[in-house]
Amino acid sequence: MFNDENQLMLINTLKDLDIPYGILKQAEKENPWFTEREICTAFEAIKKKFFDKKKLAEWLNTYPHKSLQGEQIGIIMAGNIPMVGFFDLWAVILSGAEAYVKLSSKDTVLMQWLIDQIKQVNRTVIINPLQPNEQLNGIIATGSNNANRYFKSAYRDIPAVFRGNRYSVSVLTGEESPEQLMDLWEDVFLYYGLGCRNVSHLFVPEEHILESLVQQWILAGKQITHPMFLHNYLQNQAIMRMEETEYLDGGYFTLSQEEHPSLGLSHLTYSIYRSQEEVITWIRQRQDEIQCVVSNLSLPYRVDFGKSQYPELWDYPDHIDLMKFLYTL
């Protein structure tokens with residue numbers, strides 16, 4: 001538990017860690033989407049949000065003060081953004097349970113390095129590879145909707161948290177400050193838009209707001225030069241030209257009017273709304289698909305501009321209280 005001397009030592013050590021240059025280069029080689037900037041941004045967010053002793057105490061004090069020592073919890077991790085599976089591992093470690101982990105093939109270097117650091121500092125922490133037919137007390141599995149169908153079949157007889165595809169949206173009013181619009185760029189493009197907390201659809205009351213937004217991003221020098229991202233941009237552009245679809249061109253991304261969020265990289269969609277109630281209805285109808293909503297308005301799943309990629313400990317993926325799940329096993 002958090003009050004354990006070993007856990008306190010672990011927290012103090014982890015918050016001062018830096019990723020070695022060699023590990024950064026290995027991770028970039030393993031997954032070309034994991035550039036040094038994205039990796040360092042993700043790790044700094046983890047250190048700031050997850051290793052703050054005051055926040056940890058406030059968070060854990062809302063749950064039973066007991067240890068799950070001896071409980072065996074499986075974790076199947078995603079790998080769409082750097083170290084995205086760490087929160088699940090951290091929750092299991094803090095609960096006192098044993099973690100049996102299947103790393104994503106897209107994120108083995110970083111996660112294995114971090115696991116090694118944890119085990120070196122606190123040798124009482126049990127983290128082992130997840131083996132087939134492992135005798136588990138519970139499972140936390142994150143993947144695509146297709147992968148989830150397999151997970152639900154393979155682990156149908158034990159308590160489970162299954163997470164599938166999600167997306168995020170932003171609702172603009174036209175009264176956002178220039179700083180908020182710059183922060184929105186991070187919500188959209190950090191990690192190249194590969195995360196479920198990346199905004200992929202915009203709601204606006206008037207279309208001209210988008211033209212101003214795109215121009216502001218261009219004038220501010222906001223740019224992405226990643227070759228795979230630009231390849232997607234050129235491909236999207238060519239398809240929309242061929243289909244004679246109207247779109248706004250940001251120079252490295254496209255933006256078109258659609259009813260549904262974009263599922264592709266380097267392309268955003270938008271829709272025009274008439275009232276806040278209309279947007280709330282839209283969100284509630286898709287509550288099983290939405291991760292967060294970036295806006296100044298009072299809306300379900302709302303987060304501030306620039307904060308979508310920096311979740312707090314209690315901002316649970318898919319809105320499933322993971323600690324409650326663990327403590328009710």
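In the predicted model, E28 is partly exposed, with a relative accessible area of 22%. Its salt-bridge partner is K25, and the two side chains meet at 2.6 Å, N to O. K25 likewise counts as partly exposed, at 31% relative accessibility. Both residues belong to helix α2 (residues 21-30), and because they are three residues apart there, about one helical turn separates them.

The structure contains 11 salt bridges. Another of them joins K49 to E312, with the closest N and O atoms 2.9 Å apart. This pair links distant parts of the chain: K49 is in helix α3 (residues 36-50), whereas E312, 263 residues apart from it, is in the loop between β12 (302-303) and α12 (322-327). K49 has a relative accessible area of 11% and is therefore buried, since buried means under 20%. E312, at 17% relative accessibility, also counts as buried.

A salt bridge is also formed by R163 and D88, whose closest N and O atoms are 2.7 Å apart. Here, too, distant parts of the chain are linked, as R163 is in strand β5 (residues 160-163) and D88 is in helix α5 (residues 86-95), 75 residues apart. Both R163 and D88 are buried.

Aromatic pairs number 21 in the structure. One of them is formed by W217 and F253, with 5.8 Å from centre to centre and 65° between the planes, an edge-to-face arrangement. W217 is in helix α9 (residues 208-219) and F253 is in the loop between β8 (248-249) and β9 (254-257); the two are 36 residues apart, and the pair links distant parts of the chain. Both W217 and F253 are buried. F253 also pairs with Y252: the ring centres are 5.0 Å apart and the planes are at 70°, so this pair is edge-to-face as well. Y252 is buried, as is F253. Elsewhere, ring pairs connect F50, F51, W59, Y63, F86, F87, W90, Y316 and Y327 into a cluster. A charged residue, K222, lies over the face of W185, 4.8 Å from the ring centre.

The protein chain as a whole has 12 helices and 12 strands. Buried residues account for 51% of the 329 residues. Of the contacts between residues at least 6 apart in sequence, 72% join residues at least 24 apart.

Methods: Residues numbered from 1 in each chain as written. Predicted model: local features only at pLDDT ≥ 70, side-chain atom pairs only at ≥ 80, totals over all residues. Heavy atoms only, no water. Phe/Tyr/Trp six-rings, centres within 6.5 Å; stacked < 30°, edge-to-face > 60°. Helix = DSSP H or I, 4+ residues; strand = E, 2+ residues; numbered from the N terminus. Buried < 20%, exposed > 50% of the residue type's maximum accessible area, 1.4 Å probe, protein only. Lys NZ or Arg CZ within 6 Å of the ring centre and 35° of its normal. Contact = heavy atoms within 4.5 Å. Salt bridge = Lys/Arg side-chain N within 4 Å of Asp/Glu carboxyl O.
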